[in-house]
Amino acid sequence: MNPLNSILLLLATFLAVFWEGAFNGIRHLFGAQIDLLPALVVYAGLCGGLTTMTLVAVMGGLLFDTLSANPPGVTVLPLFVSGFVLHSQRELVLRDQLFAQFVLGLAASAAVPVLTLLLLLTSGHTPMLGWGSLWQWIVMTLGGGVATPVVFQLFDLFDRALNYRRTTETSFRLDRQIRRGRN
Amino acid sequence: MLKRSHYIALALAVLVTLILLNLPGQTAVRLKLAIGSLFLPLFGLANSTHQLADNAGEAIVPRKDLLKQNDSLRRENQEFGLRELQEAESRRENNRLRHLIGWQQKAPWKLKLANVVLREPANWWRTVQIDLGSRDGVQVNLPVLTPEGLVGKILTVGLTRSQVVLLGDPNCKISALVENDTRNMGIIESAGPFDGSLLTLDYLSKDATLKPGENVVSSGLGGIFPKGIPIGKIVDSRQVEDGLYTEARVRLAANLSGLEEVWVLFP
């Protein structure tokens, strides 16, 4: 991954966390806020290097916990684990397939809140849990699943805009064209 | 097969998490405030955008509507002025009587208006951030309210921003009183993460008789919230723990999901 792409990914992480705190349309509509960080970590895990993925997980987690009542650092490990698993299996994943992106985003968005809650409960905190949490988890999972292909499309666009395009060579040449029939 | 770099990254992430989770309380708060200051430019930007949208909205309101609104506000203001005169007389009388029987004088509320700038991004807490901080005299545990009723209390304080923990969050439990003949007392707690406007009034006595619609106010016990701030109204009640105590559901007076401006109550 181009260093500029990595910087853009970190900037997107920063903006995603702010968006989650500042804009509440989805929360008003569905009763839960969706988390864009798992989608960004999936992209970083599949398309970026290990350093980029680690930076996105650490920075995203810390920023998220800063705006939240979470103890600082509690979201870092769940994000990192999601990205790490995908990064270590990236050769086996068809990452250009839209469906694969959706499913991986779904899985990461489902795993991150569960792992975060487990960490919170283990460290002696008492988050607000109940049957309604199940609905919130479904909204977060689906929202993250839908957001992942969008993140891939967006960063592919950046990638095309910021990097040199690969020249495509075809076997067709105008001067070697065989013309049939009479001239 | 994992490479050496993978193991190093994994170890680093675990180490960072462990260190951060074991930071002392005050250090963790300072760290959060320091990292949170990165968002200051975005707060400014969001505020300016909001103001711009407001100004644009105001510019397209017809003059006729504005005059009508102005007239109704003037009339309302006059009504409040007259009511204030009456209240002032009652207050003087109350102070005189308190003085006669040797009770402590009630200090008038000092309030400061704050804008809600950010909401909790995690779904398992209920907090908001406001644009008042330590430079405005805000301290931890100060009550936060709206004209409709109690909203919560200050959780952490930064220089220019503070985090408010809202009613219904596990970190905001309040001693409350039902305004009926028996003056039943209980603890306001969360009723679950989904409906933010419903809370539970727990640990009421087992023979408490509650009717839907009765007012619930802060009891003044605990020393954080003054007595008599409206919290909400009783929806229904039931006996729990094999009739050991009564639990009631309370519909909040303040609309927590639509908070834009709140008042911080200073001692």
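**Barrel, chain B**

I began with the sheet in chain B of this predicted model. Six strands close into a barrel there. I traced the order as β1-β2-β5-β4-β3-β12, with antiparallel pairing.

I then picked one pair of strands, β4(B) and β5(B). Strand β4 covers residues 150-157 of chain B, and strand β5 covers residues 162-166. Five bridges join them, and the two run antiparallel. Which residue of β5(B) is the bridge partner of B:Gly152? I found B:Leu166.

**Helix pair within chain A**

I moved to chain A and took helix α1 (residues 3-22) with helix α3 (residues 37-47). Their axes come within 10 Å and cross at roughly 170°. An angle over 145 degrees counts as roughly antiparallel, so I logged α1(A) and α3(A) as roughly antiparallel to each other.

I listed the residues that make this contact. From α1(A) they are A:Leu9, A:Ala12, A:Thr13 and A:Ala16. From α3(A) they are A:Leu37, A:Leu40 and A:Ala44.

**Helix pair across the chains**

Next I checked a helix from each chain: α4 (residues 50-67) of chain A and α1 (residues 4-21) of chain B. Their axes come within 11 Å and cross at roughly 10°. Parallel or antiparallel, roughly, for α4(A) and α1(B)? The angle is under 35 degrees, and α4(A) and α1(B) are therefore roughly parallel to each other.

On the α4(A) side I wrote down A:Leu50, A:Thr54, A:Ala57 and A:Val58. They meet B:Ser5, B:His6, B:Ala9, B:Ala13 and B:Val16 in α1(B). The residues of this contact divide into six nonpolar, three polar and no charged.

**Interface, chain B side**

Last, I looked at the whole interface. I read off 40 residues of chain B in contact with 44 residues of chain A. Which elements of chain B give two or more residues to the side that touches chain A? I noted the helices α1, α2 (25-36) and α3 (40-59), along with the strands β1 (110-119) and β5.

By class, the side of chain B that touches chain A has 25 nonpolar, ten polar and five charged residues.

Terms used
Residues are numbered from 1 along each chain as its sequence is written. Chains are lettered from A and ligands numbered from 1 in the order in which they are written. This is a predicted model: local features need pLDDT of at least 70, side-chain atom pairs count only at pLDDT 80 or more; totals for chains, interfaces and linings use all residues. Axes are lines fitted to C-alpha atoms, for helices over the stretch in contact, and angles run from 0 to 180 degrees between N-to-C directions. Helices (H or I, at least four residues) and strands (E, at least two) are DSSP runs, numbered from the N terminus. Angles under 35 degrees count as roughly parallel, over 145 as roughly antiparallel, 65 to 115 as roughly perpendicular and the rest as oblique. Two residues are in contact if their C-beta atoms, placed from the backbone, lie within 7 Å. Ala, Val, Leu, Ile, Met, Phe, Trp, Tyr, Cys and Pro count as nonpolar, Asp, Glu, Lys and Arg as charged, and the others, Gly among them, as polar. Two strands pair if DSSP finds at least two bridges between them.
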